[in-house]
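Here is a short tour of one model, written to be read with the structure open beside you. Please keep the helices in view as you go.

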Amino acid sequence: MALSSNFNFAPTASRRWTQMGFYIVAVLFNLCLTIQVLTVGLAYFYNPQWWNVHVWLVRGYSGLSLVLLVWVYLIPYPRRVRSLTTSMPILLGLQFLTIHLKSPLPLGVLHPLFGFALFSASTTLVHHVWRILSTKSNVEETALTHD
């Protein structure tokens, strides 16, 4: 019986590690967003040279949103987690468009709003995934102690 229990638990443990990796990348993405907001504040209120760091950061971490997008469809996650993950590269694209697209309308004013939506989606994603992981962790610990 113990062999059967261990055999059934192995895929769950593997899936949990995969989801933990997803969570770590989501947290890293969120931390990069936080640092980016701080650098824009430093650029505006302290020294304009921080703007270069602000631009460099987004170019460096924006690929993580695509990694998360692929990853979220490789492992089972609820629809809410998938929609939050899908929104992040879309919002990043809108960020790039509003800052680089030249038009008669001042689309640049939308840049901070899309940034706020991106930060909100990223933070909500981190919280949702953490809740999923912590719930699974409690269920698995209970199952292990009762076997």
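## The two sides of α3

Which exposed residues does the face of α3 turned away from its buried side carry? They are Leu66 and Val70. Exposed means over 50% relative accessible area, buried under 20%, and partly exposed in between, with a 1.4 Å probe and protein chains only. Helices are DSSP runs of H or I with at least four residues, numbered from the N terminus.

Helix α3 spans residues 63-72, and its buried residues are Ser65, Leu68 and Val72. Looking down the axis of α3, these buried residues fall within an arc of 60°, so they line one face of the helix. That arc is taken from the directions from the helix axis to the C-beta atoms.

## A word on the model

This is a predicted model, in which local features need pLDDT of at least 70 and side-chain atom pairs count only at pLDDT 80 or more, while totals for chains, interfaces and linings use all residues. Residues are numbered from 1 along each chain as its sequence is written, and side-chain values use heavy atoms, leaving out hydrogens and water.

## The largest pocket

The largest pocket holds about 450 Å³ of space. A pocket here is an open set of points on a 1 Å grid over the protein atoms alone, where a 1.4 Å probe fits, with protein on both sides within 12 Å along at least five of seven lines; lining residues have an atom within 4 Å of a point. The volume is the space filled by probe spheres set on the points, which are joined across faces, edges and corners.

Its lining has 21 residues, with Gln36, Trp51, His54, Gln95 and His111 nearest the centre. At least two lining residues come from each of α1 (2-45), α2 (50-61), α4 (79-100) and α5 (111-146). By type, the lining divides into 14 nonpolar, six polar and one charged.

## Aromatic pairs

You can find five aromatic pairs in the structure. Rings of Phe, Tyr and Trp (its six-membered ring) pair if their centres lie within 6.5 Å; planes under 30 degrees apart count as stacked, over 60 as edge-to-face and the rest as tilted. Phe22 and Tyr77 make a tilted pair, 5.0 Å centre to centre with 45° between the planes. Phe22 is in helix α1 and Tyr77 in the loop between α3 and α4, so this pair ties together parts 55 residues apart in sequence. Phe22 is buried at 0% relative accessibility, and Tyr77 is buried at 8%. Ring pairs link Phe22, Trp71 and Tyr77 into a cluster.

Note on methods. Nonpolar A, V, L, I, M, F, W, Y, C, P; charged D, E, K, R; others polar.
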